[in-house]
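Please open the model in your viewer and keep the selection panel at hand. The stops below go from the sheet to the ligand, and each one says what to select.

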Amino acid sequence: MTSELVSLAKRFHLSVLAQGKFSRSPDNLSGEQYLLEVLRAEANERERRAIAERKKQARLPTYKSFSEFDTNFQKCITREQLVTLESLEWLDQAFNLVLIGPPGTGKTHLALAVGNKAVELGYKVSFATMESIMHVLKTQEISVKSAARVRWINKCDLVIIDEVGYLPISKTEANLFFSLVSQLYEATSLLITSNKGFSGWAELLGDAVLATALLDRLTHRCQVLNFEGEGWRIANRKQIF
Ligand code: ADP
Ligand code: MG
């Protein structure tokens, strides 16, 4: 392959061609067919890289799937409803999803199943605990990494915030949380998991007016699921001895 071809391939970001693949067209291919093969390979490579990049950016800590979710154990959602959730049509309509319930009842599992599916289907996703997203928002002015993360969050189709309510929230954090919910309102789907029902959010946020305004936006187009039960971890406790 000529160096001019390699340099042109690089200039047009045709990575498969630049790597020297397709240096010789098989004899039985017409010029147009050959070109089609080259461009197809470039398109596939781009798609593969885009998926890898979306996966990396999503920062989903573990893989959980819908099929592993046991609706006999967690009765707050039926198999049929799970199928509707899995279709992710609600993401296109910027619906929010709030999962409320005690520890170990499968909230993070379902959030991760949604997140993984969304990445697979081409959506941009961000997963973070409340603690880590607050850190990002608080440090965006002084940290390049945090600023980049905020830019990614603002580009996302789905923003997952896990464990809202486990740790106390400062006044500054309550304001930042409100700003985030307002900013994403009607444009991006929010998926929130919490151990606290909405009635406890005024106390959690330390401000009843702010909590009302936040819940007003969050729940306008929203599905709330109340997880119940003693928790999977306790029911399936494993021991060394
Ligand atoms: P939560 O976020 O509500 O505290 P998790 O989603 O982290 O709970 O669940 C704890 C563990 O139990 C995880 O390993 C999860 O996969 C499993 N688990 C919980 N509920 C279910 C369920 N309904 N079906 C299958 N696994 C479950
Ligand atoms: Mg959890």
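Residues are numbered from 1 along each chain as its sequence is written, while chains are lettered from A and ligands numbered from 1 in the order in which they are written. This is a predicted model, in which local features need pLDDT of at least 70 and side-chain atom pairs count only at pLDDT 80 or more, whereas totals for chains, interfaces and linings use all residues.

Select strand 2 (residues 125-129) together with strand 3 (residues 158-164): the two run parallel and are joined by five bridges, and T129 has D162 in strand 3 as its bridge partner. Of the seven residues in strand 3, six are buried, where buried stands for 20 or more other C-beta atoms within 10 Å of the residue's own, exposed for 12 or fewer and partly exposed for the range in between, with C-beta atoms placed from the backbone.

Now show the whole sheet, an open one of five strands in the order 2-3-4-1-5 with parallel pairing. Strand 2 and strand 5 (222-226) are at its edges with a single partner strand each, so one side of each has no neighbour in the sheet.

Next, select helix 6 (107-120), which has 14 residues and reaches 20 Å from its first C-alpha to its last, close to the 20 Å expected at 1.5 Å a residue, the expected span being 1.5 Å times one less than the number of residues. Twelve of the 14 residues in helix 6 are buried, among them K107, T108 and H109. G122, which follows helix 6, has a positive phi near 100 degrees.

Which residues are the closest to ligand 1? They are D70, G106, T108, H109 and W232, out of 16 that surround ligand 1, a residue being near if its C-beta atom, placed from the backbone, lies within 6 Å. Helix 6 gives the most to this shell, with three residues.

Methods: Helices (H or I, at least four residues) and strands (E, at least two) are DSSP runs, numbered from the N terminus. Two strands pair if DSSP finds at least two bridges between them.
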